[in-house]
Amino acid sequence: MSTELTGALPVYRLRPSRRWVSLGLGELWDYRELLYFLVWREIKVRYKQTALGVAWAVIQPVFTMIVFSLIFGRLAHLPSDGAPYPVFTFAALLPWQLFSYALTESSNSVVTNQRVITKVYFPRLILPLASVCVGLADFLISFAVLMAMMAYFGIRPTEAAWTLPLWVLLTVLTALSVGLWLSALNVRYRDIKYAVPFLTNIWMYATPVAYSLSIIPPAWRRLYALNPMVGVVQAFRWALLGQSRSPGSAVAISAAAVLVLLMSGLVYFRRTEQTFADVV
Amino acid sequence: MALAIRAEGLGKRFRVGPSVPYGSLRESLTAAFTSPGRLFARAARGGSTRDDRIWALFDLSFEVSHGEVVGLVGRNGSGKSTLLKILSRITEPTAGWAEVHGRIGSLLEVGTGFHPELTGRENVFVNGAILGMRRAEIVRRFDEIVAFAEVQRFIDTPVKHYSSGMQMRLAFAVAAHLEPEILLVDEVLAVGDVAFQRKCLGKMDDVSRKGRTVLFVSHQMNQIRRLCGRTIWLEGGRVVRIGPTAEVASAYEASFMDTAMAAEQVGHSPGAAFLTWTLGDGAGPCHALDTFGRVTARFTLRVDRAIHGGRHGIALYDAEGRVMWGSQIDDVHLEPGLHEVVYHIDSLPLKPGPYRWHVSIFGPDRFINNLDCVPEMSVITTPLGHRRDEYAGLLNLPHTVLIRRAAATNPGADDRPAAAEPAAPAAALQ
């Protein structure tokens with residue numbers, strides 16, 4: 001499928017897809033307004049339908065933080081590298097919640113929109129992309145909560161805090177890369193829907209959200225950082241709380257892992273999206 | 001004329017049968033581990049074997065010029081929807097290719113993406129974006145859309161509080177204001193009550209007359225005849241016929257007739273036989289009726305044995321087997337030889353479509369011969385009745401309408417008390 005311009009009219013060639021397709025990112029740009037409206041719709045609906053509305057974006061991470069502080073901080077006495085444990089864990093919960101929301105929603109995005117998919121054409125990539133962006137709204141709200149907590153504990157953000165947008169981007173890309181794989185697989189295998197909550201659960205324990213990276217034996221840290229969320233969490237703690245040295249190597253390994261996942265996810269998604277409408 | 005759509009050998013194969021609708025994950029995982037390289041190829045192909053597949057569309061080739069309105073007819077499951085889906089890029093062809101010059105807008109279903117929690121206004125924007133409209137375009141046409149849907153007062157109410165009719169009206173209004181170069185339309189779009197349906201169909205008339213390229217699926221043959229210059233008839237995923245609407249539509253309708261009747265050739269006796277029939281002056285075979293004026297129908301009858309005191313009957317059936325007209329003459333005397341039975345009819349104002357003449361000849365005491373005349377008579381006059389078949393009736397009457405004030409002859413006007421008169425117009429305005 002390709003688009004070209006002859007005179008004023010675009011020409012679309014419809015034919016069976018060949019082995020390799022372009023990623024179609026240019027077309028994605030043409031549909032940016034649709035992306036905007038889909039994100040806008042989700043955010044609106046999310047806060048309209050729930051009784052507590054925006055409060056959910058605060059309640060979820062705050063309660064998780066309280067539970068973690070009691071169990072892992074007070075009872076298990078896990079080290080928090082010098083910072084008060086609640087702030088220590090909240091700084092990690094922030095990207096984690098963004099990641100798990102974005103991953104869950106994007107994995108289901110194509111299947112949820114099956115009615116639209118079988119009736120209208122648009123680049124299907126818009127769907128997981130929109131789900132991921134929706135998570136950012138909640139993120140901004142809980143970020144404000146973290147700022148308040150840090151003020152309460154008298155912690156000033158470090159100068160490295162300006163790098164935060166970069167780490168948010170890394171979080172989003174991580175979620176998107178996995179979400180691309182899962183949303184495409186979900187069309188064919190509905191098992192994915194049941195596997196995702198389970199996956200995020202396990203994944204959280206494989207990520208230093210409730211504990212510190214320092215309890216991992218140094219020999220294993222390289223391998224451990226293949227989990228992209230390890231790099232993300234380390235970067236957040238570094239940028240906000242100024243903990244330890246810069247997380248350079250962990251972030252580099254994680255970013256590389258994301259890149260591989262993202263590219264393969266994009267290719268797989270583009271390869272299978274042609275048949276979404278037939279299979280879903 | 002510049003080309004708008006060109007299809008060459010277009011085909012689409014689907015898998016069918018009771019097999020697992022969503023392939024088993026275990027199977028695929030096993031396959032992925034034993035030969036990981038095949039994962040991508042398998043997934044893209046659809047991951048199924050060849051034997052459980054059918055061609056929903058097969059070897060379809062056609063061209064549509066810019067500004068042409070083309071009808072698409074065929075029974076359910078004939079591949080019409082599949083074709084529209086391929087052209088609108090929802091699904092990909094399995095074989096062949098198509099070329100589309102210009103932006104395509106498809107109205108295959110209305111209201112896709114409507115969310116009950118959002119207001120009418122919000123849904124117009126989201127739905128418009130999904131259908132491919134730009135934000136600026138929606139803003140520009142917003143008032144028009146809302147007015148068309150007749151929901152001005154409720155535009156800021158969540159659509160979950162709308163009646164289903166209101167939802168459909170709003171959804172159609174958005175879709176109807178889409179302005180791509182090429183429009184694919186499925187007739188299910190005519191929604192709501194009769195008044196709104198008329199509005200929808202009127203809108204489609206407008207669209208097709210504005211020089212837009214339209215591919216139009218409908219079961220309303222009257223509408224196809226009215227709007228479409230050419231028509232494609234599909235059956236079982238294959239083209240039966242492509243050509244001028246008058247011909248294709250009649251042939252399509254006649255295909256229903258073949259199965260419905262023509263079973264009546266019973267008990268022929270030797271002695272006489274109807275052979276052929278034609279319209280007009282008899283100079284050459286003609287079976288198409290294109291006039292509201294005088295019609296001549298000729299039937300050839302070969303008589304082998306003289307008939308005395310016989311009877312001759314004639315009947316005209318429509319595609320559904322209803323008798324349009326019938327007549328009989330008694331006391332017929334015929335000598336052996338070739339005869340022509342000629343009917344002069346002053347006017348035959350039938351709705352366009354296929355009709356079948358049925359002629360018969362009887363002896364004084366027994367049935368001799370009858371003929372279901374083939375080919376059928378195609379009435380190809382311009383449709384003058386209602387756009388929807390069910391309201392158009394059986395006839396196609398040339399007419400004029402004049403609506404005028406009947407002030408001078410209003411009977412009852414003098415009886416009314418004078419005081420009531422000023423109140424009446426005011427009440428009518430509300």
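**How chain A meets chain B, and how chain B is divided**

In this predicted model, 35 residues of chain A are in contact with 42 residues of chain B, two residues being in contact if their C-beta atoms, placed from the backbone, lie within 7 Å. The side of chain A that touches chain B draws two or more residues from each of β2 (9-14), α2 (32-49), α5 (114-117), α11 (248-273) and α12 (276-279) of chain A, where helices (H or I, at least four residues) and strands (E, at least two) are DSSP runs numbered from the N terminus. Of these elements, α2(A) gives the most, with eight residues. By class, this side of chain A has 16 nonpolar, six polar and 13 charged residues; Ala, Val, Leu, Ile, Met, Phe, Trp, Tyr, Cys and Pro count as nonpolar, Asp, Glu, Lys and Arg as charged, and the others, Gly among them, as polar.

Strand β2(A) is also joined to strand β4 (residues 95-101) of chain B by four bridges, and the two run antiparallel; strands pair if DSSP finds at least two bridges between them. Within this pairing, Tyr12(A) stands opposite Val100(B).

Chain B itself is divided into domain 1 (3-20 + 51-254) and domain 2 (272-379), with bounds that come from an automatic or database domain assignment. The centres of these two domains, taken over C-alpha atoms, are separated by 43 Å, and six residues of domain 1 are in contact with six residues of domain 2. On the domain 1 side, α8 (221-227) and α9 (245-260) of chain B are the elements that give two or more residues, and α9(B) gives the most, with four.

Residues are numbered from 1 along each chain as its sequence is written, while chains are lettered from A and ligands numbered from 1 in the order in which they are written. Because the model is predicted, local features need pLDDT of at least 70 and side-chain atom pairs count only at pLDDT 80 or more, whereas totals for chains, interfaces and linings use all residues.
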